[in-house]
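This report describes a predicted model. It goes through the sheet and then the helices.

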Amino acid sequence: MADPQIEAIASGRCLVARVVGEMDYVTEPVFRAQFTELIARGDRFIVLDLSGVSFSDSAGLNVLLGVWRQADEGGTVVVLAHVPEPLRRILQMTGADQVLKVYDTVTDAEADFGG
């Protein structure tokens with residue numbers, strides 16, 4: 001199992017952050033800290049590319065909702081892209097997809113921000 005990590009790359013007007021690893025109760029503190037650092041960079045638009053997420057449970061969902069809330073309070077827009085199907089189902093079942101905007105691809109998300 002790979003260590004949980006976030007690889008951030010500036011892309012146009014967006015910061016694209018590729019999330020890698022399992023998002024669960026074990027990795028929650030690591031991801032929370034990394035997302036806090038990401039938001040502290042001050043980028044206005046952040047696209048979370050979840051294509052590298054191999055597993056997510058309710059703790060992972062809570063991390064995503066927490067990062068969205070923290071970003072929103074600071075005036076940053078955070079959206080999701082390449083959401084794996086199991087996580088997409090969790091977002092739909094919980095109604096979190098009404099809060100977290102989901103795009104099929106990073107390119108689609110960037111297009112919304114003039115990226």
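## The sheet and its helices

The five strands form an open sheet in the order β1-β2-β3-β4-β5, and their pairing is mixed. Strands β1 (5–11) and β5 (102–103) are at the edges; each has a single partner strand, so one side of each has no neighbour in the sheet.

Strands of a sheet pair through backbone hydrogen bonds, in either a parallel or an antiparallel sense. Two of the pairs in this sheet are set out below.

| Strand pair | Sense | Bridges | A bridge pair |
|---|---|---|---|
| β1 and β2 | antiparallel | seven | A10 and L15 |
| β3 and β4 | parallel | five | I46 and V78 |

The hairpin of β1 and β2 has two residues between its strands, and G12 in this hairpin takes a positive phi near 65°.

Helix α1 (residues 28–40) lies across β1, β2 (14–23) and β3, and runs at about 175° to β2.

Helix α2 covers residues 58–73, which is 16 residues. From its first C-alpha to its last α2 reaches 22 Å, close to the 22 Å expected at 1.5 Å a residue. At the start of α2, a side-chain oxygen of D57 comes to within 2.9 Å of the backbone nitrogen of A59. Just after the helix, G75 has a positive phi of about 80°.

Which elements do the buried residues of α2 pack against? They pack against β2, α1, β3, β4 and α3 (85–94). The buried residues of α2 include A59, L61, L64, L65 and A71.

Definitions and conventions:
Residues numbered from 1 in each chain as written. Predicted model: local features only at pLDDT ≥ 70, side-chain atom pairs only at ≥ 80, totals over all residues. Heavy atoms only, no water. Pairing = 2+ DSSP bridges. Helix = DSSP H or I, 4+ residues; strand = E, 2+ residues; numbered from the N terminus. Contact = heavy atoms within 4.5 Å. Axes fitted to C-alpha atoms, helices over the stretch in contact; angles between N-to-C directions. Expected span 1.5 Å × (residues − 1). Buried < 20%, exposed > 50% of the residue type's maximum accessible area, 1.4 Å probe, protein only. Polar contact = N/O pair within 3.5 Å; in protein donor to acceptor, adjacent residues only side chain to side chain.
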